[in-house]
Amino acid sequence: FPPLVDINEKGESVAGLAESWEVSEDGFVYTFKLRDGLLFDDGTPFTAEDVEFTLTLLHDPSYPGDTDITEAKVVGGLDYKNGDATSISGIKVIDEQTIEITTEEVNAQSLHLLGGQILQKAYYGKDYRKGNLDYLNDLHLKPVGAGPFRFVAYLPGQEIRFEANEH
């Protein structure tokens with residue numbers, strides 16, 4: 001699960017799955033342009049809708065992970081998390097390869113919070129119901145990612161097997 005924006009050995013932000021990004025002059029709007037031809041390890045296209053889904057899932061009130069996406073202050077993010085909205089107004093899919101995210105305030109962490117690891121909407125989102133992420137536990141045992149390696153098998157207490165991602 002490589003991120004949209006990575007960090008190199010000098011601590012600098014570098015392109016990951018996003019070939020580029022722009023931050024508006026006022027620091028409130030982030031536009032990510034995804035690399036052309038990206039595929040998940042099952043061969044399906046990696047798109048801006050996957051990014052939108054992942055950011056929505058991170059705002060879900062039942063999200064149990066350690067990423068606190070609310071620190072990025074996405075417009076409408078807390079409304080969604082608190083049940084006052086059915087979508088996040090600050091997330092806009094421009095086209096298959098471009099997504100724009102508007103924040104409420106400038107934050108030095110936002111680039112990496114918004115440009116983190118992405119889940120495949122078709123796989124991780126098919127059973128998504130706001131407020132109930134328990135179904136993800138089973139999917140984590142057979143992950144679908146977009147990195148250089150593809151999950152093969154997990155033998156509890158012994159090993160995790162990967163192979164080169166042909167895509």
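How many helices and strands does the chain have? The points below begin with this matter.

1. **Overall make-up.** The chain contains 5 helices and 8 strands; helices (H or I, at least four residues) and strands (E, at least two) are DSSP runs, numbered from the N terminus. Read from the N terminus, the order of the elements is β-β-β-β-α-α-β-β-α-α-α-β-β.

2. **Basis of the note.** The model is predicted, so local features need pLDDT of at least 70 and side-chain atom pairs count only at pLDDT 80 or more, while totals for chains, interfaces and linings use all residues. Residues are numbered from 1 along each chain as its sequence is written, and side-chain values use heavy atoms, with hydrogens and water left out.

3. **Dimensions.** The C-alpha atoms fill a box of roughly 50 × 35 × 30 Å along the principal axes. The radius of gyration of the chain is 16 Å, which agrees with the value near 15 Å that a compact globule of 167 residues would have. This radius is taken over C-alpha atoms, and the globule rule is 2.2 Å times the number of residues to the power 0.38.

4. **Burial and surface.** Of the 167 residues, 40% count as buried. Buried means under 20% relative accessible area, exposed over 50%, and partly exposed in between (1.4 Å probe, protein chains only). The chain exposes about 9,300 Å², of which carbon and sulfur atoms supply 48%; accessible areas come from the Shrake-Rupley method with a 1.4 Å probe, and for residues only the protein chains shown count as cover.

5. **Contacts along the chain.** Among contacts between residues at least 6 apart in sequence, 57% join residues at least 24 apart. Contact means heavy atoms within 4.5 Å.

6. **The nonpolar core.** The largest nonpolar core has 38 residues, and those with the most contacts inside it are L4, F32, F46 and L114. Such a core is a set of buried Ala, Val, Leu, Ile, Met, Phe, Trp, Tyr and Cys residues joined through side-chain atoms within 4.5 Å. Two or more residues come from each of β4 (29-34), α1 (48-58), β6 (98-102), α3 (110-114), α4 (121-124) and α5 (136-139). Helix α1 gives the most, with 6 residues.

7. **Helix α1.** The buried residues include A48, D50, V51 and F53.

8. Beyond its neighbours within four places in sequence, L4 is in contact with residues including A15, F32, F46, V51 and L114. F32 belongs to strand β4 and is buried, with a relative accessible area of 0%. With residues up to four places away left out, F32 touches L4, W21, I99, L111 and L114, among others. The C-alpha atoms of F32 and I99 are separated by 5.4 Å, although these residues are 67 apart along the chain.

9. **A buried serine.** S110 is placed in helix α3 and has a relative accessible area of 0%, so this residue is buried. Apart from neighbours within four places in sequence, S110 is in contact with Y30, A72 and G115.

10. **A backbone point to inspect.** Most residues other than glycine have a negative phi. K73, which is not a glycine, has a positive phi of about 55°. K73 lies in the loop between α1 and α2 (77-81) and is partly exposed, at 31% relative accessibility.

11. **Salt bridges.** The whole structure has 3 salt bridges, each being a side-chain nitrogen of Lys or Arg within 4 Å of a carboxyl oxygen of Asp or Glu. K121 pairs with E49, the closest N and O atoms being 3.8 Å apart. K121 is in helix α4 and E49 in helix α1, so the pair ties together parts 72 residues apart in sequence. R150 and E163 meet at 2.3 Å, N to O; this pair links strand β7 to strand β8, 13 residues apart. E159 and R161 meet at 2.2 Å, N to O.

12. **A nonpolar surface patch.** L141, F149, Y154, I160 and F162 form a nonpolar patch on the surface, with about 540 Å² of accessible area together. Patches are made of residues with over 30% relative accessible area and no salt bridge: like charges are joined within 9 Å, nonpolar side chains (Val, Leu, Ile, Met, Phe, Trp, Tyr) within 5 Å. Strands β7 (149-155) and β8 (159-164) each give two or more residues to the patch, and F162 is found in β8.
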